[in-house]
Structure formats: C-alpha cells, structure tokens
Amino acid sequence: MGKQNSSKKATAQALKGSNNVTAEEMLEFYKTMLLIRRFEEKAGQLYGMGLIGGFCHLYIGQEAVVTGIQSVLEDKDTVITTYRDHGHMLACNMDPKGVMAELTGRAGGYSNGKGGSMHMFSRENNFFGGHGIVGANAPIGGGLAFAHKYREDGGLTTCYFGDGAANQGQVYETYNMASLWKLPIIFVIENNKYAMGTSQQRAAAGELFERGAAYGIPGEKVDGMDVVEVVKATQRAVEYVRGGNGPMILEMDTYRYRGHSMSDPAKYRTKEEVNQVKDENDCIVKVKSWLLSDGGYSDDDIKVIDKEIKAVVNESAEFAQQSPEPDISELWTDILLEEDK
Amino acid sequence: MTIEILMPALSPTMTEGKLATWLKSEGDSVEAGDVIAEIETDKATMEVEAVDEGIIGKIMIDGGTDNVAVNTVIAVLLEEGETLADISDAPASSVQTQAVEENNVTEDTSFVAQPKSAEILDIDEAKFFENTKPITVREALRDAMAEEMRNDNNVFVMGEEVAEYQGAYKVTQGLLQEFGAKRVIDTPITEAGFAGIGAGAAYAGLKPVIEFMTFNFAMQAIDQIINSSAKTLYMSGGQITSPIVFRGPNGAATRVGAQHSQCYASWYSHVPGLKVVAPYSSADARGLLKAAIRDPNPVVFLENEMLYGTSFEAPVDEDYVIPIGKAKIEREGSDVTIVSFSIMVGKALEAAEKLAEQGIDAEVINLRTLRPLDTKTIVDSVKKTNRLVSAEEGWPVAGMGAEFAALIMEEAFDYLDAPVLRVTGKDVPMPYAANLEKLALPQVEDIIDAVRKVSYAS
C-alpha cells in the first residue's frame, strides 16, 4: 500500500507505539476523532451565526483522550464530565443530531433544548452529564461508582475533569472516599494546560497525577495527544479498577486549540505555542499518517471517510436548525417527577 | 455549490464587529481549522477559522472594515472543481444563513401562573389515628427509615456517625445492626463529598438518605443539593431523576451559637425542583419521611433537634404515609389563623390555648410541607377567620412569613380584616448568652401579642 502522506503537516507527526492495534481499530479512532473535530468546528460556526447561544466550550485538540478511553470501556460503564462535553457525548455514541440540536436549543436536543451545551445527558448511553459547576461532578461520579459497587454489576465510572477542577476541594473529598470504599472509578484529568486563562504553572502546585498518592490512589501521566498511548493506559487502569482495587487517576497531557469558550481570545498564550502543537502533535494527523503508511489505507479511502463524517456533521447541523424550538409548555415540564398513580 | 463564509458572533452578546485583517487572500486554499481572518469585538481581537476546505474564491468585505453585522457574507469559498463563475450562478450556500426566527410568543407565559401540581392523593388520616401509641420523634424517624429499607433494597443511609456511633443524635440507632455496613454508611466529615456521592447514586437509581449532622453543615453541600439534584430532571429533559432525601436537624438547638442555629426553611423552599418537608410530631416525622424516601424527587427534610425526644401519639399502621404537600389543621378555630411548621407548631398550639382563655379562638395550621405549599388550606382558613399570623424560627427578611403574606395578598386580600403579621426569629445572628438567645427566638408570648394585634384586642 502507498506510503505517501496526504497532509503537508503529517511528516513531523507520528504515533509512539502502535503495536497491538489493528488497522480496523485505528480507523475507528480516526473516525471518532474526526467526527468530534468536524462537529466542534461546525458548532463554532453555528455559534458565529448566532444559532448557538451562551457559553460554548470546544474540545478541538483533545479528541484522542475521550476517543481512546471510551474505546476500552463497556456499555454497562457510566460516564460523567464537566462542561467541555460535546466530544464525550459523541464518543459515548450519542446521536450528533441530538447533541447539535441541544446546542441550538431546539426540541430535538437531548434535553429538549432545556439544558444547552453544558447540561446534556443520555440515560440510554449511560452518559450522566455535562456539569457546569467545576469540580462538582467529581463526587457525583463517585456516586455513580458507588452504585456500581452497591449493585455489584461489574461496571465502572469514568469521571472526567480538567486541570482547573483538579484544584477543587470536592475532588479530594471524593478521592478519599473512593479509595476508602474501593469504588470502581477512573478519574481522568484532562490537563489542557489552562484553566480558562490561568496556566497550570500558576494554579497548581506539584503534579496532578500524583495528587492521589496521599489517598493510596495510583496515578499515571499519559500522552493524551497519542490515542494509542491513551488506549494502553486505559487498559491498565480498567484492569486495576475492575479488579476491585479501587480508583485510579489518569492525567492526560493534552491541549485545546481554541479558547476556553467561544468568546475567549486566548491572549494568555502565544500563537507559536498553539501552532507548534497543531503542527507537531496533532492527534488526528498522527493517526491519519499511520493509516496511510502502516494501515494499508489509501488517500482515497481516507477521503471517503472524511466525506462521510462531513455528511454526518452537516446532517446534524441541518437537523439542529430545522428542529423547532421547544413548545412553550416545556417551560413547566420536568421540574418534578410525579409518582405513578 | 460554493460556501459562504459569514461574519461570526464571537461572544454571547456580539451583534457587529470590525473585520480587522484577512490572513488569506483570494486564490489561497484553506483547510478546516485554518485561521483565515481576525475580527475585533468590543472586548478583544479574535481569530476566525475555516470550517470547510476549499479555495478562497472571493473576499466580499475588505480587511479594516468597521461595523460588519454578524452573519454578513465576508467571503466565498470554492470547493473542489468550482470556479469563480459558480459564485454568481449559485448564491445558495450549503450553510443555512437565516438566523433563528424571532419567537413571537403571544401566549400567556406569566411566571405567577404555575401549572397546578398533580392532584395530591388524599388519605383518610383520621382512620390511622384510631390505633396509636406514644413514640418519640427520634424513634419515628428511625422506624420510617427501617421500614423503607426493609421494603426497598435500593434505600441506604449515609452520613457522619450514622452507623457505628448510632447517629450523632441517635436517630439512626440500630440501623447498622439490622442492615449492615453496606447500607448504613459512615462517612468522613466531608459534606460536599458525600452529598455529591448521594446525588450520583440517585442518578443511577439508588435511593440515598443523606443525613447531615445538622443543616448548618449542609451549607458546605448546598451546591450538590441545588445544582446537582434539584435542577437535574429539568436540565436533562426529564431523563435523569434524583430520588434522594437530604435530612437532619434544622433551626436552633440550645446555646450552640450563631453557626449552629439557623433555619433553612426559606432557603430551600425557594428552589424549583426540590420538595421541602418540616415535620412537627412523631406522626408527621414517620409518615412524611416514608413519603420522602418513596418520592422520586429530591426532598429536603428539615427536622428539629429540640423535638427529637418529644413523645407524641402516632399511628401504629406502617401504611401511614402522609402525602407531601398536605397541611394539617391541628386546632380548628374561627377568629384567627396561625400558620406554622416544625417546632413553632407546638408554640402556636400553646398560644392558642392561652388565647382561648382570653376569648380568641385561633385555628392552627401545621404546614408539614413547605414546598409545594398547601396554599388551599391556608387560603380557605383565612377566608374563614379573616386574619393571619405566621410563626417561624427563621429570620424575617425574605422568610417563609413573607411568602405567606404575599400569598394572602394575591388570593385572599378581600377577606382580610387586618394586615398579616409575621412572628419570626430576630434579624440577628444567634447569640450565645441565655438571655439574648431567648430574646432572639420567637416565644409563645410573641404569637399571643401578634394575634391580639390582628384581632384589635387591647
């Protein structure tokens, strides 16, 4: 198969360890990551058109993290994250149409348009939000894990939060109880280097992955820009956690290309810093080059996939604009659940 | 089909901005994610990225142009195989350009006109009181938990000192012995943490009973009660329920000072998505806690430490479950209505007895539930007595009494023969000194004085 690189940026970028991953698996990673990126770019565009309101936090750059981790998990496992959540929903197999329609605040959205970008859930996909209060999802994730253990269903929880949330007290309250009670939970710290505009160096003493040590929770720092490294680390963590050993921390070294939210001009970092990551360490470009050089796929194969992804994303955007706004009666529904009569 | 690139809004409030510079020229090819231009908003200079790949066919708005409205076409992108000729021929773009249509809502969306909550199932409470025995409020609460734990394996109790210590106030006495450490769980002193763990377990379908040693400490966890529990059903479009009870003693105990003596009734009653319950007697405690545990919504259950050791006659029947949202008329009367909850019900009843000796016949309402409020019982009573006095331990400003006064203004104004009066705790942090503490808390005499005032009795 062809060894040519289709992207001008691809030459500097390569996966560190790709043994034990089949070409088919790698292609799936590529599809999921590309779906997230194209979806987020489209969300950014719809935001620019005024179709998405309020806050909109894009996941562009970090796609390998959630793609790699969720690929290792099973349907019975539960997932919770904070507000940079669109990628997590797509990686949990939620329908891009329903996610995009929630972003535009339409009836076809996962929360009928009542939750918005930061507050989306899918019980069917075991995705428990989408939380807007930084750090508050850590104990809730602990509670999901508590339920797995209580029911002895063999499931585990992946609880995602950022380097910013890692400074919240609730996280450590949760580490303590999760370790004491050996809860089946993987704490995933997505360290994208900036808590809004404050760099990790200015906000966090010590290493984040080591912060579980005092509670007896092992932690590992992982190259979150390399999906294969993410997968391998997750496999180790899942084996440990499913083995009844209690929680584990995975700190994912990653980077967001866009600002904290759509209205953030990101003046706290240089353009060179951003471009260096994009040019030398892009998680999608790396997988694409591998597929072309080692995976047995041609430029045309990749083009077909790119087109398919683009179609899915465009379809979601169409749906998100055509779906009506929620009926005004929705204002007063879902406040309390009335008991079955 | 050519693709139109539009002037983007890059903040929640932006309507126009300056197209500062183009970083690409006509004829340049771009890929999704490439920065193509910079725009200036009222706050900052922002980058515009391409969403699609193609060749910049035509730049429609030059760099340096001020006041470009959001959604103006600033450039046209040519896709593979297209030429400039396609631009004029095919102005239609693959991007929907119309903004959201203004939603001209003509229907009445008045925020006062809440839809009626589902009909409250009424039960014949009198029937249950045919067979009673005296038990303390403490025992009643324990029995309620034990009975519900026997009925439903999903129910568990979690909190500080609830298991091996048998409860800081002995409310959970014996539960560990009967149900074991899996279902009666001691936590570290970490309110935000264990309230959040309870919230997550409830999302997953378990039925946690979270005990706060007192509600003063629940302030550490109020975010989990409100943001993570009360709002979840709504934010999830009805997908995620939170069948959780947050319970513990609320209000003043004795001589424990400002940080341990506060009534949170009005705080939680403010929040849509919560139910708020405040029992007075042992019957209330048992019947309402059972209802709270069975309820599929988050319930804040405000107990009172001073009442734990008080004994009341309570129904023996385990099926005595009080519908949440139903007040109880503890004493019928014709001259004035005293509306109250929790420990103040006892003081209101005491005041009513003394007032009877003075020839004033007071009706005493024990609300039992604070949200949803049984407005019908209050309004019907005021229509009969034409006078209302409220009695609560909490502070006056934005307290429960203010809510009752507003309710009567809205629904029974024409029936009033006197202004509504509020008996409340004084508007000060709770003092420690015995004499000051007594002054800070509402007393029976305060209720009598207020009733005499609205009765124009000299």
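Residues are numbered from 1 along each chain as its sequence is written, chains are lettered from A and ligands from 1 in the order in which they are written, and side-chain values use heavy atoms, with hydrogens and water left out. Because the model is predicted, local features need pLDDT of at least 70 and side-chain atom pairs count only at pLDDT 80 or more, while totals for chains, interfaces and linings use all residues.

Chain A contains an open sheet of 5 strands in the order E1-E2-E3-E7-E6, with parallel pairing. Strands (E, at least two residues) and helices (H or I, at least four) are DSSP runs numbered from the N terminus, and two strands pair if DSSP finds at least two bridges between them. Strands E1 (78-80) and E6 (219-223) of chain A stand at the edges with a single partner strand each, so one side of each is left without a neighbour in the sheet. Strand E1(A) runs parallel to strand E2 (residues 157-162) of chain A and is joined to that strand by 3 bridges. Thr78(A) has Thr157(A) as its bridge partner in E2(A).

At the interface, 88 residues of chain B are in contact with 66 residues of chain A, contact meaning heavy atoms within 4.5 Å. The buried area, which is the accessible area (1.4 Å probe) that two parts lose on being put together, summed over both, is about 6400 Å² between the two chains, and carbon and sulfur atoms give 59% of it. In chain B, the most area is lost to chain A by Ile197(B), Tyr234(B) and Met235(B), together 11% of what that side buries.

The rule finds 6 salt bridges across the interface of chain B and chain A, a salt bridge being a side-chain nitrogen of Lys or Arg within 4 Å of a carboxyl oxygen of Asp or Glu. A salt bridge joins the side chains of Lys271(A) and Glu38(B), at 3.1 Å from N to O.

Over all chains, a search of the whole structure finds 40 salt bridges. Arg286(B) and Glu147(B) form a salt bridge in which the closest N and O atoms are 3.3 Å apart. Arg286(B) lies in helix H9 (residues 282-294) and Glu147(B) in helix H3 (residues 137-151) of chain B, so the pair ties together parts that are 139 residues apart in sequence.
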